[in-house]
Amino acid sequence: MKIYRMPKHSESTGDAIPFYHDGTYHIFSLTPAPGTTVYPDRLRTTLSHAVSKDLVNWEEVETALYPGEGDEPDAEGIWTGAVIYGEGKYHIFYTGYNHKLTKNIQTICHATSDDSITWEKDPKNPILVPDTSLYEELDWRDPYLFYNQEEGMYWMLISARTKVGPPTKRGCIVLYRSKDLDEWEYYGPIYTPYHTNCPECCEMYKEGKNWYLSYSRFSEFVDTIYRVSKSPYGPWRTPKMEGIGGRRFYAAKSLINDEGRRFYFGWIHDRAEGSDDGDWYWGGTFCVPHEVVVNDRGEIDVKIPHEIVEATDKDVSWKYKQIWGEERRYGDKTIVIDSIGTMSYGVFEYEAPSALFKCKMKVGDCKDYFGLLLKTNENASRCLELRIEPGMQRASLLNLPMDVDPFWRESTTNVGKPKNPGPDGVRVAEKPFSVQAGDVIDLKVIIDHDLVEIFVGERIAFTYRVYEKTEYEVGLQVQDGCVEFFDISFSE
């Protein structure tokens with residue numbers, strides 16, 4: 001299975017800076033020093049660089065930028081930014097980090113290149129620092145650049161925090177404008193939602209008649225979300241389905257290729273000691289690129305790129321074992337689970353450390369839920385559950401078993417040791433999902449060692465990590481319903 005997870009010389013990776021130019025995909029990414037796990041050492045990152053022609057085969061080229069020295073603005077880390085081609089050169093605008101300074105700990109810095117490989121830092125660095133009468137000194141970072149055709153100017157968005165408002169909700173996005181990528185004019189905040197500490201890794205683009213603004217929230221829900229407006233100046237409104245991925249699909253930023261297709265690149269966090277009880281770290285492993293498409297309601301649908309699916313083309317043999325309830329087989333790729341008024345489930349047996357599971361689900365008379373068991377034991381008590389719930393019109397990812405009240409914990413013998421959900425909770429993520437009887441839902445799931453990446457109906461995606469060794473990787477389940485699972489396959 002060919003999926004670019006991190007630079008070969010690295011133990012983990014962080015924020016991707018995707019860029020597309022002259023038929024080539026680029027991923028610049030923050031790379032922690034080997035052996036580091038926590039702040040501040042973990043964040044003394046370099047800027048790695050890989051290129052591809054097809055989203056599948058990636059070639060690593062020389063590191064683009066290293067931290068500076070002493071009191072230089074980037075001496076303690078090259079942090080997130082953006083790459084743009086303009087005025088005859090390649091430009092990186094990035095966050096310079098130096099926590100040893102007494103002021104301007106996070107600043108906006110700049111580097112240029114003639115070939116996108118070898119980079120030279122701007123001697124004027126830092127080029128932009130916060131006005132501390134308006135903005136907090138911490139959180140002045142993550143510049144995003146694009147050329148606004150409608151205004152004939154380059155725009156730079158900066159993730160920041162105002163000095164007024166509820167203390168945990170002061171995150172805002174600040175705009176600067178330029179005609180030449182050299183002289184920058186301050187405009188002011190274009191988004192101040194008062195709902196997050198800092199809207200990290202922001203970006204903006206126009207699709208059709210709408211403008212889209214996406215960003216991430218490490219401080220609350222650890223996800224990448226978006227807002228919609230008719231104007232790049234706002235007001236920015238919340239869509240019904242606000243997530244690009246699920247929880248832990250983080251710091252995702254996008255590029256658009258010559259075909260007009262847009263792909264988000266995000267990462268999922270490592271956990272301490274490779275354990276499901278360990279702290280979530282900053283930095284981890286790249287997820288599968290998420291392709292996004294604007295639907296007829298002006299909202300963003302998410303799917304796995306066909307390039308990834310087509311590259312996963314080696315069939316893996318499998319067997320299905322029904323554990324509880326009844327099932328019917330039609331040929332070798334269709335399983336019908338009829339479980340009206342009760343629950344039925346089964347599991348797949350196959351041998352591959354990484355695989356792409358595909359099937360379609362035809363919804364019958366289902367009143368409760370149906371979906372998958374992932375990373376499960378045989379009695380389905382310890383697992384991830386993908387639930388599609390027609391009654392609630394939602395899809396959710398649950399991490400079971402959950403804890404129970406002390407009375408039940410002490411007076412029963414079959415609850416089992418609950419998982420420690422930490423900040424994620426038992427219901428890891430949920431999304432509104434329209435589903436009716438007769439619908440056919442496309443399902444694609446990548447199980448790659450401890451990673452689980454789920455794409456449902458070419459509309460939504462979930463990502464999560466399970467380090468615990470389990471008996472089975474994938475199973476089917478139906479609670480009070482009838483569902484046909486067909487076109488079942490595994491490949492690697």
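Figure 1. Thr224 is in contact (heavy atoms within 4.5 Å) with Tyr215, Ser216, Glu242, Gly243, Ile244, Gly245, Phe249, Tyr250, Ala251 and Ala252, not counting residues up to four places away in sequence. The model is a predicted one, in which local features need pLDDT of at least 70 and side-chain atom pairs count only at pLDDT 80 or more, while totals for chains, interfaces and linings use all residues. Residues are numbered from 1 along each chain as its sequence is written, and side-chain values use heavy atoms, with hydrogens and water left out.

**Figure 2. The largest nonpolar core and Gln477.** A nonpolar core is a set of buried Ala, Val, Leu, Ile, Met, Phe, Trp, Tyr and Cys residues joined through side-chain atoms within 4.5 Å. The largest one has 45 residues, and Phe357, Phe370, Ile388, Leu443 and Ile454 have the most contacts inside it. Strand β32 (residues 472-491) gives the most to this core, with seven residues. Apart from it lies another core, of 37 residues, among them Ala50, Tyr97, Cys109 and Ala251. Gln477 is found in strand β32 and is buried, with a relative accessible area of 3%. Among the residues that Gln477 touches are Tyr369, Phe370 and Phe485. A polar atom of the Gln477 side chain lies 3.3 Å from the backbone oxygen of Leu372.

**Figure 3. Glu468 in the loop between β31 and β32.** Strand β31 spans residues 460-465. Glu468 is partly exposed, with a relative accessible area of 27%. Not counting residues up to four places away in sequence, Glu468 touches Asp276 and Arg382. With Arg382 there is a polar contact between the two side chains, at 2.9 Å.

**Figure 4. Cysteines without disulfides.** A disulfide is a pair of cysteine sulfur atoms within 2.5 Å, and the structure holds zero of them. The sulfur of Cys172 is 8.0 Å from the closest cysteine sulfur, that of Cys198, which is too far for a bond. Cys383 is in no disulfide either, as the nearest cysteine sulfur, in Cys359, is 17 Å away. Cys172 is buried, at 0% relative accessible area, and Cys383 is likewise buried, at 0%.

**Figure 5. Arginine charges over aromatic rings.** A charge sits over a ring if NZ of Lys or CZ of Arg is within 6 Å of the ring centre and within 35 degrees of the ring normal. The charged end of Arg262 sits over the ring of Tyr205, 3.6 Å from the ring centre. For Arg459, the ring is that of Phe433, and the distance to its centre is 3.8 Å.

How values were computed: Buried means under 20% relative accessible area, exposed over 50%, partly exposed in between (1.4 Å probe, protein chains only). Helices (H or I, at least four residues) and strands (E, at least two) are DSSP runs, numbered from the N terminus. A polar contact is a pair of N or O atoms within 3.5 Å; within protein, one must be able to donate a hydrogen and the other to accept it, and residues adjacent in sequence count only if both atoms are side-chain atoms.
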